[in-house]
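Biologist: Please put the model up, and then we can go through helix packing, charge pairs and surface in turn.
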Amino acid sequence: AARKKNKQNGQLLCNNLFYEELERLNMIKEKEIENSMEKALENHEFEVYLQPKVCLKTGKVIGAEALVRWIHPTKGMIYPNDFIPLFEENGFILKLDQYVFEEVCKLLRRWIDEEKPLRRISVNLSRNHLNKQGFLKEYSVIQKKYNVPPELLEIELTETIVFENLSLLKDIIDDIHNMGFLCSMDDFGSGYSSLNVLKEVPVDILKLDRIFFVNEATKRSNDVVQSVIELAKKLDMETVAEGIETIPQVESLQKMQCDIIQGYVFAKPMPISEFEEKYNKDLAIIDVNH
Ligand code: C2E
Ligand code: MG
Ligand code: MG
Ligand code: MG
């Protein structure tokens, strides 16, 4: 029995060492990222990708969401889920979000100058901004510097930030509107306070989270989506369905009078140049006459 116990202890010790080692490697990795992120920003390793949003009434690409990627010189493409949590912890996300916003303003300026079709572009805003006084002034200064009509700019706030400070959030939405930008609630339905969010915050656009569409549609799930769309309309909000991957989903959302769809069914997020090539004319990309 004693030997058995010893063996178990040995195993435990082994496991602990293993996890300590993992932890240590993780910290080294995080340190490595922290040491390289500022340089990466200077070297333009962060790239804005665009994912089209398609209007179901006209079948046209009416906008796009800006989604950041880190094109690392040795590691290749890194997706936001692998660096944004760390950047939120160490505060770097404030700089990165502002960088993305400025890149988007630059792009819109170029589209105006080159008389390209103009599309509204949305950027994501980290919850960290809630505690940064006056950041929207900086956004407004950037928008004015590039002389971009503010209504072409949409700011996506995620539903989960509502928990943190509702009155602060309301002030921020007021500020967003005072600057002339549009404001959307991202990932709606993924959190816990969804209906309370609708009650309290006057956003212009409601983005229904992918979670509504990941499983096979049933009568019941369709009824829920339909009700959310109707509720949004009553509250004067545009609806965007996120994460749409199949044609039947598109047709069903069309019937439910959802305004806009975003998802792999049309396109994954892509480099700006590819977006410009693909959607260089203001043409319908889906058939809406049925
Ligand atoms: P999000 O804002 O909800 O963006 C939508 C995510 O869903 C994107 O993932 C997009 O690629 C993905 N997606 C779109 N259509 C489909 C689909 O049909 N199927 C599936 N499976 N996925 C789809 P991505 O680009 O990896 O970004 C993940 C999250 O990272 C974003 O979720 C957003 O919260 C955050 N993020 C991305 N860029 C930025 C940024 O510049 N600043 C901040 N603060 N957060 C960002
Ligand atoms: Mg988003
Ligand atoms: Mg979302
Ligand atoms: Mg999300």
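Biologist: How are helix 3 and helix 4 oriented to each other?
Modeller: In this predicted model, the axes of helix 3 (residues 93–113) and helix 4 (residues 135–145) come within 9 Å and cross at roughly 20 degrees. Angles under 35 degrees count as roughly parallel. Helix 3 and helix 4 are therefore roughly parallel to each other.

Biologist: Which hand does the crossing of helix 3 and helix 4 have?
Modeller: The two axes cross at roughly 20 degrees. The hand of the crossing of helix 3 and helix 4 is right-handed.

Biologist: Is Tyr146 buried or exposed?
Modeller: Tyr146 lies in the loop between helix 4 and strand 5 (153–158). Buried means under 20% relative accessible area. Tyr146 has 14% relative accessibility, so Tyr146 counts as buried.

Biologist: How many residues apart in sequence are the parts that the salt bridge of Lys57 with Asp259 ties together?
Modeller: The closest N and O atoms of Lys57 and Asp259 are 3.8 Å apart, and the two residues form a salt bridge. Lys57 lies in the loop between strand 1 (46–55) and strand 2 (61–72), and Asp259 in the loop between helix 8 (247–255) and strand 9 (260–262), so the pair ties together parts whose separation in sequence is 202 residues.

Biologist: Which strands hold Glu154 and Arg120?
Modeller: The side chains of Glu154 and Arg120 meet in a salt bridge, at 3.0 Å from N to O. The pair ties together parts that are 34 residues apart in sequence, because Glu154 lies in strand 5 and Arg120 in strand 4 (residues 120–125). Both residues are buried, and they belong to a network of salt bridges that includes Lys53, Glu65 and Lys207. The strands asked for are strand 5 for Glu154 and strand 4 for Arg120.

Biologist: How far apart are the closest N and O atoms of Glu138 and Lys132?
Modeller: Glu138 is partly exposed at 32% relative accessibility, and Lys132 is partly exposed at 25%. The two form a salt bridge, and the distance between their closest N and O atoms is 3.2 Å.

Biologist: What area does the nonpolar surface patch with Phe18 have?
Modeller: Phe18 is in helix 1 (residues 2–42) and is partly exposed, with a relative accessible area of 48%. The patch is made by Phe18, Tyr19, Leu22, Leu25 and Ile28, and its area is about 500 Å².

Key:
Residues are numbered from 1 along each chain as its sequence is written. Chains are lettered from A and ligands numbered from 1 in the order in which they are written. This is a predicted model: local features need pLDDT of at least 70, side-chain atom pairs count only at pLDDT 80 or more; totals for chains, interfaces and linings use all residues. Side-chain values use heavy atoms; hydrogens and water are left out. Patches are made of residues with over 30% relative accessible area and no salt bridge: like charges are joined within 9 Å, nonpolar side chains (Val, Leu, Ile, Met, Phe, Trp, Tyr) within 5 Å. Accessible areas come from the Shrake-Rupley method with a 1.4 Å probe; for residues, only the protein chains shown count as cover. A salt bridge is a side-chain nitrogen of Lys or Arg within 4 Å of a carboxyl oxygen of Asp or Glu. Helices (H or I, at least four residues) and strands (E, at least two) are DSSP runs, numbered from the N terminus. Buried means under 20% relative accessible area, exposed over 50%, partly exposed in between (1.4 Å probe, protein chains only). Axes are lines fitted to C-alpha atoms, for helices over the stretch in contact, and angles run from 0 to 180 degrees between N-to-C directions. Angles under 35 degrees count as roughly parallel, over 145 as roughly antiparallel, 65 to 115 as roughly perpendicular and the rest as oblique. A crossing is left-handed if the near helix is turned anticlockwise from the far one by less than a right angle, and right-handed if clockwise.
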